[in-house]
Every structure is written in C-alpha cells, then in structure tokens.
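Please read the points below with the sequence and the model open beside you. They are written as a colleague's note for someone new to reading structures.

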Amino acid sequence: MKQFFLRISENEIYQRLFKNPFTYVGGAVMLAMLNTLTLAFTGNGWGVTGAFGYWGAWTLKLVGIDVSTWASFASESAQKTLAGGFLADGVSVRNLGIILGALLATLLASQFKFKKIKSVRQVVAAVIGGLLMGYGARLAGGCNVGALFSATASLSVSGWVFAACLLVGGYIGSKLLVKFFM
Amino acid sequence: MSEKGVSKRKAKVSQIPYAIVLIVALGAFINFLYSKNPNIAVALIFGLGFGYILQRSRFCFTAAFRDLWLTGSTSLTRAVILAIALATVGFTVIKFKAFLAGAEVIPGNAHSIGAIGIPLILGGIMFGIGMVIAGGCASGTLMRVGEGFTMQMISLVFFVAGSLWGVHDMTFWSKLNVGVPRIFLPDTFGWAGALLIQALLLLGTYLAAIWWQKKKMGSTE
Amino acid sequence: MKEYRLDCLGEACPIPLIKAEKKMETMAVSDVLIVMIDHSCAMKNVPEWARKQGHNVDIEEVGDGEWEVIIEKVK
C-alpha cells in the first residue's frame, strides 16, 4: 500500500497535476477569476482581514472579556457578526478554507513538513510584523487582498494609493529585515 | 552536477493518504455547513480554492512589494498587476451591469471604495513594513499556516491581536476619514474614462516594473 | 572549483534569497553553492533569481518539503 502511493506520488502525470508549481502568471489568472466569482456570489470582492477583529473579539469572549460594547463594533452588521459566531461568518470560514486549501495542496504534493521556530529572532519578527499588519489593515480598511487587489479592480483610487504606501512600507521593511532580522 | 551535491537523501513517504483523509473530512464539513447555511459552505469552497491556488503558484503579494527592493526582481510585481488587470475586467462587467440595471448601490463598492486619508496612508506603510518582517501578508500568512510554519502561526495570533487593537482605536482614526475623498473612478470620469485611466495605470506600472528589473538585474525575464 | 553549503532550513522568505545572494558574491566562477531550504516559496524564488543572474541552477527534492538548490556560478 505504501509503495502504491509512493508510485502515484512519483508518477509524472500526477506530479504535473498536483506537485509542480504553477507559474506566477497562471496563479494571477486563477486568482483574478476566483475573485470575480467571489464578487458575483457574495456581492463583495475578496477580503481577508475584516474578519480578524472578530476573531480577536471571539477569543476574548472565551476568557470572559466582552468587547462587543466598543464603539467600533456598534454597527448593526458588526453586532450580528459578533453574535453569530465563527461558523456563521462567511469571511472567517473562507479564511479557514485558505489554511485548509494550502494544507491540502501541500499534502497532495507530499511536501508537508512541520517547520519549527529556528530562533528568537523569528518570534520577534512574527510578533512585531503581525501587530503592524493587524493594526495597519484596520487603519487602511484591508490588506493586500481587500484594500489592494479588490479595491484596484473595483476602480477605486484608494487601492492605488494603498499600493504606493505598500511600496514605501516594503522599502522600510526590507531595510529593517536585512539589518535586524537576518 | 546534480549528483554530487546531494549528500543525505531521506526516505520519501507519500502523503497522499493524509490528503485523502483531509478530502473526506472536508466533504463532511462542507456537508455540515451546507445543512446550516449554503452560503457558508460556498465560502469554505472559495477559501479552499484561494488557498490551493496561492500555495501551488507560490503567489505572494508580499514579494511583489519586497523583492524589487532586495534583488530587483519584479516577476511577482508584474503578476499582481496582471491579476488586477484581469479582475478589473470581471469586476467591471458585474458593476456595469448593476449600473445599467439602475442599482442604487454598485456591488462591492461599500467595501472596496476606501477613504483616501491619513489612516489609509499610515495603515498602508505599517502593513508594508509588517508583511516584509513577518514573511507574509494576510493571505500569505494563512497559506503558510496551512503549510506548517510555526512562525506564521505566531504571526497570525498577533495579526488578530493587532486587528482588535486597531478596531478599538478606529473610533479615533475614523475622525480623520471625515470629509476625505472616496473615489470610484466611473463616478468622476464616466465608465469609459475610468477604464482608460485604469488601463494607463496598469500599463504604466507594468512597464515601470520591466524597466526596474532591467536596471537592477539586467534581465527582463 | 569549490563547493559551499548554505543551511537555510527553517528560514522564511526572503532570508534564503538574501543569504544566497551574499554568499554568491564571495565565490569564484565555477564554484558551486548548495542552498538547503524547506520553504516552498524559496524553492521557486531562489532558482528564479539565480537563473535571472545567468547561473546554472538545479533543484533536488531531498525529502518531504525539503529541497537543495544547486547553483553553479558562471560569471
């Protein structure tokens, strides 16, 4: 049985279908199609980070801290999402799907490996980077997906302004990375 | 030359059986979600599609804004521009159809037409720095969690924490978004004018990306 | 010609790329650099960068989710 699956894994046609990376251009075409379908089906372009604030709120609720009274959560839709929970929120479930879809792709390619933390520096980078992204995405109203990809495709000037800011941030981040996180 | 470089070769194990278990579990999960709310089941399927494509193509929005500074490569920058160009076509068809049908609200515009003010600029720069340091943006972090990266799992936890912090502070920041423009190009320039401006922006950035890589790397590949 | 090994296991993008770039600068023509990685994106961007620079590149999958990118410096 083990040999059988190993032979499938090493079959050339299988590798072409499930293992060898697509080109970036291929990825771009497929992502554009899927984002268009997302707009058609849900009435909104693809977005990711909008759900993360709720993830934080739900986590705090588990330990008994209620943040639903915050002014920023006052809107009717925010209250509904908070009350509905994770499995009732399409964006949250879609994000879970991204994690599981990537896991499936790696398993089909027999390339899954649990990658442990290698140094303290990686932890520091993850903490600082994560906080900056989380806070920044709330300020900008989205991430590379919502505030850039879906916004520019929506003919919104905000998407292009966000892109220019990302270039600046990318420059500063690269300098910091080479200096402190190598 | 490929022979002599390889010193230790580990015994390979096919992970296909695990993949099959995951597919069966996902099928059951989708079925469960469908029974509660079909839209949520569709959302999971879309997510699986995005995650699968991101992983297989190694598509990385972070690298699109990072590698041009580090190595001068703009292949991902150009891929992002291409993705935007193609999505523009699809999005515009949907939006224009709604416009022709006399829709009061154009689909997606409530979320996608952002305020152009200090929060956007500050947030964009913060996000740009964060994604380079953490080795992945939002979609990239989720994808790498699925690939088994502990570092991105930590990053995701703090991404969520930062988001909640941001939500809390938005009562302050949203004051700076009062009175600033939110520009949907067709409102200002008409649909034809908007598409022309968009096409020029896409073409201009694409050519700039080719020029940049040629200057930095001497290659236009 | 000499052979160098660069252990980038557990390193996230773009660190394998920067390390390879730095190491290549110190090497002589026809030297070989072997970059060990387990980051699925680096197995695409490291070879791509090296090819753009005009070097000879080969990728070996040495284990599940582990690769060796073999770069021969040609100029």
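1. Among contacts in chain C between residues at least 6 apart in sequence, what percentage join residues at least 24 apart? The share is 58%, where two residues are in contact if their C-beta atoms, placed from the backbone, lie within 7 Å.

2. Before going on, please note that this is a predicted model, in which local features need pLDDT of at least 70 and side-chain atom pairs count only at pLDDT 80 or more, while totals for chains, interfaces and linings use all residues. Residues are numbered from 1 along each chain as its sequence is written, and chains are lettered from A and ligands numbered from 1 in the order in which they are written.

3. Chain C has 2 helices and 4 strands, arranged along the sequence as β-α-β-α-β-β; here helices (H or I, at least four residues) and strands (E, at least two) are DSSP runs, numbered from the N terminus. Its radius of gyration, taken over C-alpha atoms, is 11 Å, close to the 11 Å from the globule rule (2.2 Å times the number of residues to the power 0.38) for 75 residues, so chain C is as compact as a globular protein of that length.

4. Within chain C, strand β1 (residues 3-7) pairs with strand β2 (residues 32-37) in the parallel sense over 5 bridges, pairing being assigned if DSSP finds at least two bridges between two strands. Arg5(C) has Ile34(C) as its bridge partner in β2(C).

5. Among the buried residues of α3(A) are Tyr24(A), Met30(A) and Leu39(A), a residue being buried if 20 or more other C-beta atoms, placed from the backbone, lie within 10 Å of its own. The cover over the buried residues of α3(A) includes α8 (144-153) of chain A, as well as α3 (38-57) and α5 (75-100) of chain B.

6. The contact between chains A and B takes 113 residues from chain A and 110 residues from chain B. On the chain B side, helix α9 (residues 150-176) gives the most, with 20 residues. Between chains C and A, 10 residues of chain C are in contact with 10 residues of chain A.

Terms used
Buried ≥ 20, exposed ≤ 12 C-beta atoms within 10 Å, placed from the backbone.
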